[in-house]
Amino acid sequence: MISPLVQHLPKLWELMHHYGMTTLELNPIRMRPGKDGRLTPVACDFKCGFDRDDPRVARLGLPQHLFAADLSEFEQEVNQLRTHQGQSDVFVVNEFGTILAPTFGGGANSLVTEVLGEAAIISSDFGGNPPYEKMKSVAAICYRHFLAQTNVLFIIGGKSNNTDIHETFRGMGDALREHFAKHGPVPLYVVVGRGGPNLVRGMGNLADTLDSLGVPYRFFGFDSAISEVVNYAKRIDEWMRTGGREQIARSMNIAA
Amino acid sequence: MRQKAISGLPYFLGVDRLNAVASPEDRVCVLNILGGESRTVTPVSHAFSGGNVVFGTSPGRSGQVLKTPAGSIPVFNTVLEGIRAGHGFNTGVVYLPPSGVRDGVAELIRVNPELKKIVIITEKIAVHDAREIRAMAQANGIDIIGGNCLGVADSWNKVRIGGALGGDHPEESLVKGSVAVFSNSGGFTTTIAQYLTTAGWGTTTLISSGKDVYIQYAARDFALAFAKDDRSKAGVLYVEPGGYYEKDIDWQKPVVACVVGRWKAKLTRAVGHAGAMAGSGDSAEDKERWFMEAFDVDGIYTSETPHVSAKGALVTNIADIPAALTAVMALNDIQPDFAPRGSLSLKPWIANDQGLQLPPDLAQPVVTAPAPYDAQIAALSDQIGAVIARQSMKDTSGASQMDPKTQVTSVHGHRVLDLALQPLEAMFALPLVHELADAHDRAMLDVAVAAEVNLIGDPILLAADAARDAGNSPNTVMSVAAAITGPKRVERALACARALIALFAQSGLRDGRDESFDLSKIEVDDQTRALFLATPDEADDPRPEAMLAAIEARGGKSVFLRFLLGFGERLSRDAILAAITTTIAWGPLARKRISRLTAETLPWYMRLYGVMVGATIPGRHHQPGSLWGIPREERFSRWTMADICCLAMTGKKPDPTEALYVQILIGLLISNGPGSITAQGAKGAVSADGPQTPDRVQINKAMAGFLTHSGYSHGGNGFEGMAFLLDQFRDKGLKDPTDPNHGLDLTGMARDFALAYKRDKATAKELGTEVRALPGVHHPIFKGKPENFDPRERFIAQFMEERGEYNIFHHFYRELVRQLYDVGASRYVFCVNVDAIIAALLLAVLWKDYQAGRMTDANLETAAFTIFLFGRMIGAAAEIDDHLNRGRNMDTRTPASGCKHVV
């Protein structure tokens, strides 16, 4: 004799497997007796989690705003740029943080977010070799939302697999130049830790941009331990919180 | 089943030893081989492995090849096509987009009976598809590694399959040794391999497992192959939260595990690693516990708390991996594979603190990067000066910007209001070096410009006088002088500047005034040296000696001058001018605030400034050795630019207060942003020459562009305000406009005028005409409130108040706006605008001469226009230099579609 609940399992599996779910929870389940003594299982509550990467989720025709609920405005903007050409994953860790850290690579993302803790504004992964325009757009969005409060702009990743350092640094640098032109300059310190194709070309390009903007910086290559670079960025942030920011503002001729 | 399964497991697993993961016998087929990522990564993998990719697929591109340093790889439409062409393989690599991965895997399995394993690089595969991939692979006995992984590599076999493990130079990081690496993070697989070499450990097999929800080849699978691999004496794992893969594993050999991701407990969505989100029981802390139990240790290994056992150690920071491994292996009596290579300490490659003083532990000095990066970085600094990208500069400026709320313009970040309070020389250099000159640089600038002002014997004088006699306005007269100061007249000075910059570019000089700089390392050939020397024709020109004496008198210091004087021969004045301008430009150039082009063209601007000021002085006052009666030595050694500008307008040296007001006036007039007609004229002239070929841009012609685009309405209207004031004060017996005890009833005067104005307004209204606008009051932006203020006028007024300075004309204006309101001639109290204060200040400077009959109305008008030109030439220089550096040829043109026609 097969329990009526078990009879439903294949259908539940179909729902889970073919509609882009990763988890499905029915809790509680009550058995309702019918006329002829048969029991019908009834789900009194239904919860599920969706796989963002599965287009099958769209089969259910759920309105977009349901998913927007736990995304901040910033996250939504960046998500719109989400294509398979580069990750652009972001998550706001602390909206009052002071280190803006565009991070490259899932592993780097883990480490950096862990070590920066509450000082970090976002947790991000912009790796996957995004093209110049996309990198610039993502950077512009980040700056627009968070640059005013930022002490340290921290560009960090390991030795990139195929992300072109020149293209991505050019995108971030040009976006910064345009942001300054539009919104005025911000007292910043830029710390970079990176490796990968066209590394020195990218560093040179970014250095030129920062020099022309009067922004101080220190760049590390892949031969410095990434965790040490993260600690360095934190120490710069602490220095800025205790007077360094004012010094930079004076040097950059920014009114208090 | 394609392979024999390892017995005793509840699922299929084929790979039973690590050296079979990436073996030299493996033959590889890459799906979507011509895609963006594969195109750059596959050639490196293929070459590193000695050529293990037999073919790839890319629909529609059959017949093409992927070039690699180890030969070309053929491309086919489908896997079957490649097999039929005779290319057998046992390993698939998938670079397809997420939606195509499952079908790609199915194709590989379906058509290739020899398939043993597949590496899936693609990220963001749907969990649904990952399930189906596993089902197919399990049913057919195929091993899958990935998805979202960076492939596998073997340092002993020198093989790399799939992704970019080791980056674009895998031989740098994949060093033969005794450690097997298994990592959830692709990038960190390489990083860990590098870190291990700093403790003297090399690697055997490296596997990037990916961190999707389903890890197809997981820690337990790795543990089996690792245990059977004789080459590997130890293992290193990098693990993130999510899944039970690492629980209850019997490692059999020493292992260091790095678990990262405690913070992910806060996540509600995955970031980067889709699977690195825990439910309950598989968080980072849970995994830490699993490993600590497996290794029998009480805590996490750090350098302060080295919890370690012979079985292994747990770390949470990848930088601790090397030391932890060495400690574990020491307990097993196993030494590192080789001597440590490099270290993980902080090694800044490139830095610039922009002159700031950071604490010593933060101001870490730059070190030489490892080869080949060191040579590349050195090449970067061969290029001196800022590098600026070009764009259309129509109605766009990088030099000036007007704040729409306050109407105050800034030039290179400095408000003109603040500039007005700076000595004139500081303002003259600003547009070009983007920084305010300090006292020392200003002294040098005074000499540089002073040497150009006296035009005796120069055809410019004849031309300027002719233009003046023809009834032209002052700007037209000045433009004649600018037009003549063409390329040939500055050729040698520019060549000298270029030569100096080239000589010192690589020298490490940071400050143009460095007295201790060792000049012996600067080598100059005879041809270059000759550039700087005075020719026999110049034997009678007294200016080189006068300039040098003046510089000495003013305490000027210049490395470049010291260098040139070291030749022991007579220098030309072009050489001295170039030395001065290069001295002032050197700091900003070395700090990349200005471009090399700007530094090289500076002498042209200085010559133009001098010539243009000189041209405003009528020809008869230019005599050998004296200008308007003032001897050369005095002007060169003691006069400032403000003094010279005053001389040009009035024929005499001003007292300090007059000089201050001239300085303020000039400062206020420097710029009104790129939209003003003068700026448009200058920019258009640059654009028409073509800034993309900077050698052809005629900077003097661009100055003429600014000059011709000023006129009686724009720039020449300063006299209107003065004329108005003259009407009010002409017969009032005013002797000293700066004396507060003037005895005049300003309120009464203002009231009388206001009443008369009110009557005129009423009459005009009846007749249907318009009454004239009053100069100096009201403004289209600063209006509407009960009492209005022009922030620029307020700024100057406050400055004067703080100094206890009085100006009767300004006082009158303040009374006037009050009275206009009181009598009902205006609806609210107008602001006193900046034109009023300009008129008031200038008239006060010129009043005594006017009363004494030494200046006529026409002279006053000329003076008002001239002071505008002196100020605006600075703004024009800024726009010219800016457009020259940033603009594109013909970019100021308006297309026909932007133009209109009227009949």
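Trainee: Which residues do the ring pairs link into a cluster?
Mentor: This is a predicted model, so take everything here as computed. The cluster consists of B:F724, B:F729, B:F753, B:Y757, B:F809, B:F812, B:Y813, B:W847 and B:Y850, linked by ring pairs.

Trainee: How many aromatic pairs does the structure hold over all chains?
Mentor: There are 34 aromatic pairs, counted over all chains. Take B:F222 and B:F226: the ring centres are 5.5 Å apart and the planes are at 10 degrees, so this pair is stacked.

Trainee: Where do B:F222 and B:F226 lie?
Mentor: Both are in helix α7 of chain B, residues 219-227. They are 4 residues apart, which is about one turn of the helix.

Trainee: Are B:F222 and B:F226 buried or exposed?
Mentor: Both B:F222 and B:F226 are buried. A contrasting geometry comes from B:Y712 and B:F865, with centres 6.2 Å apart and planes at 65 degrees, so that pair is edge-to-face.

Trainee: Which parts of the chain does that pair link?
Mentor: Distant ones, 153 residues apart. B:Y712 is in the loop between α26 (699-708) and α27 (718-729) of chain B, while B:F865 is in helix α32, residues 857-886.

Trainee: And B:Y712, buried or exposed?
Mentor: B:Y712 has a relative accessible area of 54%, so it is exposed, the cut-off being over 50%. B:F865 has 2% relative accessibility and counts as buried, because that is under 20%.

Trainee: Back to B:F226. What sits over the ring of B:F226?
Mentor: The charged end of B:K253, 4.9 Å from the ring centre. Elsewhere, B:R529 lies over the face of B:F567, at 4.5 Å from the centre of that ring.

Trainee: New topic: helix α23 of chain B. How many of the residues of α23 are buried?
Mentor: For helix α23 of chain B, residues 641-650, the count is 10 of the 10, so the helix is largely enclosed by the rest of the structure. Among the buried residues are B:D643, B:C645, B:C646 and B:T650.

Trainee: What follows α23(B)?
Mentor: B:G651, with a positive phi near 85 degrees.

Trainee: I also marked B:R415. Where does B:R415 lie, and what does B:R415 touch?
Mentor: B:R415 is in strand β18 of chain B, residues 414-415. Leaving out residues up to four places away in sequence, B:R415 touches B:V408, B:T409, B:S410 and B:F795. The C-alpha atoms of B:R415 and B:M402 are separated by 9.1 Å, with the two residues 13 apart along the chain. B:R415 has 33% relative accessibility, so it counts as partly exposed.

Trainee: Over to chain A. How many helices and strands does chain A have?
Mentor: Chain A has 8 helices and 11 strands. Of its 256 residues, 55% are buried. Among contacts in chain A with a separation of 6 or more, 73% are between residues 24 or more positions apart.

Trainee: What about the accessible surface of chain A?
Mentor: The total is about 10800 Å², and 54% of that belongs to carbon and sulfur atoms. On the surface, A:L5, A:I29, A:M31 and A:L39 form a nonpolar patch with about 290 Å² of accessible area together.

Trainee: Where in chain A is A:M31?
Mentor: A:M31 lies in strand β2, residues 29-33. At 37% relative accessibility, A:M31 counts as partly exposed.

Technical notes. Residues numbered from 1 in each chain as written. Chains lettered and ligands numbered in written order. Predicted model: local features only at pLDDT ≥ 70, side-chain atom pairs only at ≥ 80, totals over all residues. Heavy atoms only, no water. Helix = DSSP H or I, 4+ residues; strand = E, 2+ residues; numbered from the N terminus. Buried < 20%, exposed > 50% of the residue type's maximum accessible area, 1.4 Å probe, protein only. Contact = heavy atoms within 4.5 Å. Phe/Tyr/Trp six-rings, centres within 6.5 Å; stacked < 30°, edge-to-face > 60°. Lys NZ or Arg CZ within 6 Å of the ring centre and 35° of its normal. Patch = residues over 30% accessible without salt bridge, like charges linked within 9 Å, V, L, I, M, F, W, Y side chains within 5 Å. Areas by Shrake-Rupley, 256 points an atom, 1.4 Å probe, with all protein chains shown as cover. Salt bridge = Lys/Arg side-chain N within 4 Å of Asp/Glu carboxyl O.
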